[in-house]
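Biologist: Could you walk me through this one? I'd like to know what stands behind each label.

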Amino acid sequence: MKKNYSNLIIIPLVALLCLTTLLTPSASACAACSCTLNSDWESQGYSTTHGFKLDLDYMFLDQTQLRSGTRKISPSDVPVGQELEGYTHNNIVTLGLSYVFNADWGVALLLPYIVRDHATFGEDHHEYDTSSTSSIGDISLIARYQGFIPSHHLGVQLGIKLPTGSFTKTFRSGAPLDRGLQPGSGTTDLIAGIYYFDDLGKDWNWFAQATVQTAFNYRSDYKPGTAENLDAGIRYSHFKRVIPQLQINTRTSSRDQGGEADTENSGGTVINLSPGVTVEVTDKIASFVFVQIPVYQNLNGYQLAPKWSLTAGIRVSF
């Protein structure tokens with residue numbers, strides 16, 4: 001039967017216009033401090049079998065480059081009175097447990113554990129202070145439905161992020177740690193998304209996904225900015241068990257709000273190019289590794305950004 005390729009254009013365009021995150025483990029609206037990689041296997045059409053899935057993902061994100069707007073800056077470019085950040089080292093492990101009921105319905109639980117080291121020179125650029133946090137972040141619970149069309153290639157996601165992570169960590173001096181650097185935001189957030197995947201011909205397939213995450217409320221005079229992620233990827237499956245993939249990931253975040261927010265130095269737009277590979281170790285075990293390289297950054301105020309980041313993971317199906 002002849003394939004209707006018009007859907008390859010019409011449906012993803014509608015999807016991308018309906019919503020402009022990846023469901024990320026960090027709730028901060030800092031555009032440069034969250035992973036943008038799409039590692040959601042079901043939304044890519046990579047894993048569609050029913051039953052339980054256990055995922056363990058690791059992200060390394062090293063923010064050492066000062067940026068303002070679209071340019072790299074030096075510490076001397078940051079005026080006195082604006083906080084001068086030194087570095088932020090992020091190591092995030094996310095445990096995911098999902099269950100696919102049938103071809104239409106599925107649900108996933110995401111539990112991040114965040115290890116973050118941060119240093120700042122303060123607003124006077126002399127009072128050096130550091131922090132080191134290691135704790136559980138905010139848990140997310142997400143449901144999906146993809147029974148709109150017979151192929152089950154079009155799906156939606158709806159979920160909630162719960163305020164399980166601490167937002168009261170401090171610097172070594174005892175001063176409160178910036179809310180955007182806390183393991184949790186303290187807020188309850190809505191997560192919504194839409195995605196589409198399909199074949200491009202023999203050995204090639206692709207996906208597109210758009211997600212949004214927005215807080216319902218303020219908590220202790222803080223509300224993280226709304227974040228929108230737009231992802232697209234292409235995969236080559238000729239080698240069967242070793243599958244190269246290339247993604248482009250865009251994240252746009254509005255500024256944090258509230259008296260405890262660093263409103264001027266939060267939010268912006270980041271576009272990453274993400275090459276990687278997925279390896280099917282056995283019929284029940286698969287792993288992946290991706291490197292993310294920023295190709296465009298437009299950050300509000302003065303922020304630390306990574307030169308690159310690494311994400312790796314493993315999935316076990318039961």
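Biologist: What makes the largest pocket a pocket, and what is its volume?

Modeller: The volume of the largest pocket is about 740 Å³. On a 1 Å grid over the protein atoms alone, a pocket is an open set of points with protein on both sides within 12 Å along at least five of seven lines. The volume is the space filled by probe spheres set on those points, which are joined across faces, edges and corners. Bear in mind that this is a predicted model, where local features need pLDDT of at least 70 and side-chain atom pairs pLDDT 80 or more, while totals for chains, interfaces and linings use all residues. Numbering starts from 1 along each chain, and side-chain values use heavy atoms, without hydrogens or water.

Biologist: Which residues line the largest pocket nearest its centre?

Modeller: Glu83, Glu85, Asp178, Leu181 and Asp262, out of 39 lining residues; to count as lining, a residue needs an atom within 4 Å of a point. Strands E3 (84-100), E4 (105-122) and E13 (285-317) each give two or more residues to this lining, and E4 has the largest share with 4. Strands here are DSSP E runs of at least two residues, numbered from the N terminus.

Biologist: How do the lining residues divide by type?

Modeller: Into 12 nonpolar, 16 polar and 11 charged. Asp, Glu, Lys and Arg count as charged, Ala, Val, Leu, Ile, Met, Phe, Trp, Tyr, Cys and Pro as nonpolar, and the others, Gly among them, as polar.

Biologist: Why is the pair of Tyr99 and Phe101 called edge-to-face?

Modeller: Rings of Phe, Tyr and Trp (its six-membered ring) pair if their centres lie within 6.5 Å; planes under 30 degrees apart are stacked, over 60 edge-to-face, the rest tilted. The centres of Tyr99 and Phe101 are 4.8 Å apart and the planes stand at 80°, so the pair is edge-to-face. Ring pairs also bring Phe52 into a cluster with Tyr99 and Phe101.

Biologist: Why do Tyr99 and Phe101 count as partly exposed?

Modeller: Buried means under 20% relative accessible area, exposed over 50%, and partly exposed in between (1.4 Å probe, protein chains only). Tyr99 has 25% and Phe101 has 48%, so both fall in the middle class.

Biologist: And what makes the pair of Tyr196 and Trp206 tilted?

Modeller: The angle between the planes is 50°, with 5.9 Å centre to centre. Tyr196 sits in strand E8 (residues 189-201) and Trp206 in strand E9 (residues 204-215), so the pair ties together parts 10 residues apart in sequence. Both Tyr196 and Trp206 are buried.

How values were computed:
On a 1 Å grid over the protein atoms alone, a cavity is a set of points where a 1.4 Å probe fits but cannot get out, and a pocket is an open set with protein on both sides within 12 Å along at least five of seven lines; lining residues have an atom within 4 Å of a point.
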